[in-house]
Amino acid sequence: MQPRNMSMSGVVDLAAVKAAGEAKQKAEQARAEAARTGQAPASGARLVFDVDEAGFQQDVLQRSTEVPVVIDFWAEWCEPCKQLGPLLERLAGEYAGKFVLAKIDVDSNQMLFQQFGVQGIPAVFAVVAGQPIPLFQGAAPEAQIRQVLDQLVQAAEQQFGIVGAPVSAEGGDEPAAEAPVPAGPYDALLEAASQALDGGDLGGAIQAYKNVLADDPANPEAKLGLAQAELLHRVQDLDPQAVRKEAAERPADVPAQIRAADLDLVGGHVEDAFGRLIDAVKRTAGDDRDAARVRLLELFEVIGTEDPRVTAARTALARVLF
């Protein structure tokens, strides 16, 4: 049996998460202030940008682990491109950070043109978690494009837990909505929840974190703390030896693999936990596949979305899903 007061201190640093959350909140407030004053946001927050072969790795592949990247392949001589390009740029502003738009001039970037297997332009692809997804070719109607973008945003969030941060378009006419101000402060509540978690009062910790999230759904420390507490609650009555034996003997049993992955993560074996669930997604279909995928996303929350192990696992998940 797992001891009731097992600690997550070896898995993730709550203090670091709190600091990151505060930094993120300050950045959102700065963007809101920029929107009010009419100043352009930082270049890192651009919704529409040009990409070349040299910058593709960082600007598209790496960024696609944080937000869906839509790619517009175009050329100056292409008349339909001149109709589609401005429409995509306008939609990027309207979607306000749910996706970003990378524009690639095919005349200057023949290697990327060939690698994506583009047959003609304009051609629109997306990259999510490092994986390319063809969207459509030609100057499609706006209603159809909106439908495709909605499906892309939904798939990125539901399948990979990737949600873009709200930003305003550089030089755009439509600023992003002002970031909501949390109803807190929650320092006392979060400290009490953390103490309950460390002390083994999992029910109290879960409820305390939920109380914070009821007022401030995006609070990063509460989200991570809740994910930790729920994980510990799931494993507290498990027999590790029995769980691992069952998982080894029944590789196609998704609930068994999920229980083993939970234990892997509690033990600090992050890559093993992620790999086990990615393998389960690869081998299964239907409800079983979805259960393994959902648990993987929950474990991402425990580790933190900025962790490179999460980034790598998202890319691996994309490979088995597409």
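A: Gladly! Keep in mind that this is a predicted model.

Q: At what angle do the axes of α10 and α11 cross?

A: For any pair of helices, look at the axes. Helix α10 covers residues 254-266 and helix α11 residues 270-283; their axes come within 7 Å and cross at roughly 160°. Angles over 145 degrees count as roughly antiparallel, so α10 is roughly antiparallel to α11.

Q: Is the crossing of α10 and α11 left-handed or right-handed?

A: The crossing of α10 and α11 is left-handed.

Q: How do α9 and α10 pack?

A: Helix α9, residues 240-249, packs with α10 at an angle of about 130°, and their axes are 9 Å apart. That angle makes α9 oblique to α10. The crossing in which α9 passes α10 is left-handed.

Q: Which residues of α9 and α10 meet?

A: From α9 come Pro240, Val243, Arg244, Glu246 and Ala247, and from α10 come Ala256, Gln257, Arg259, Ala260, Leu263 and Asp264. By class, the contact of α9 with α10 has six nonpolar, one polar and four charged residues.

Q: What about the axes of α8 and α12?

A: Helix α8 (residues 220-235) and helix α12 (residues 286-303) have axes that come within 8 Å and cross at roughly 120°. Here α8 is oblique to α12, and α8 passes α12 in a left-handed crossing. Among the residues that meet are Leu224, Ala227 and Leu231 in α8, with Leu299 and Val302 in α12.

Q: Let's turn to disulfides. How many does the structure hold?

A: For a disulfide, look for two cysteine sulfur atoms within 2.5 Å. The structure holds one disulfide, joining Cys78 to Cys81 with an S to S distance of 2.4 Å. The link of Cys78 and Cys81 is right-handed, with 80° about the S-S bond.

Q: Is Cys78 buried or exposed?

A: Compare the relative accessible area with the cut-off: buried means under 20%. Cys78 has 3%, so Cys78 is buried. Cys81, at 6% relative accessibility, counts as buried.

Notes
Residues are numbered from 1 along each chain as its sequence is written. This is a predicted model: local features need pLDDT of at least 70, side-chain atom pairs count only at pLDDT 80 or more; totals for chains, interfaces and linings use all residues. Side-chain values use heavy atoms; hydrogens and water are left out. Axes are lines fitted to C-alpha atoms, for helices over the stretch in contact, and angles run from 0 to 180 degrees between N-to-C directions. Helices (H or I, at least four residues) and strands (E, at least two) are DSSP runs, numbered from the N terminus. Angles under 35 degrees count as roughly parallel, over 145 as roughly antiparallel, 65 to 115 as roughly perpendicular and the rest as oblique. A crossing is left-handed if the near helix is turned anticlockwise from the far one by less than a right angle, and right-handed if clockwise. Buried means under 20% relative accessible area, exposed over 50%, partly exposed in between (1.4 Å probe, protein chains only). Contact means heavy atoms within 4.5 Å. Ala, Val, Leu, Ile, Met, Phe, Trp, Tyr, Cys and Pro count as nonpolar, Asp, Glu, Lys and Arg as charged, and the others, Gly among them, as polar.
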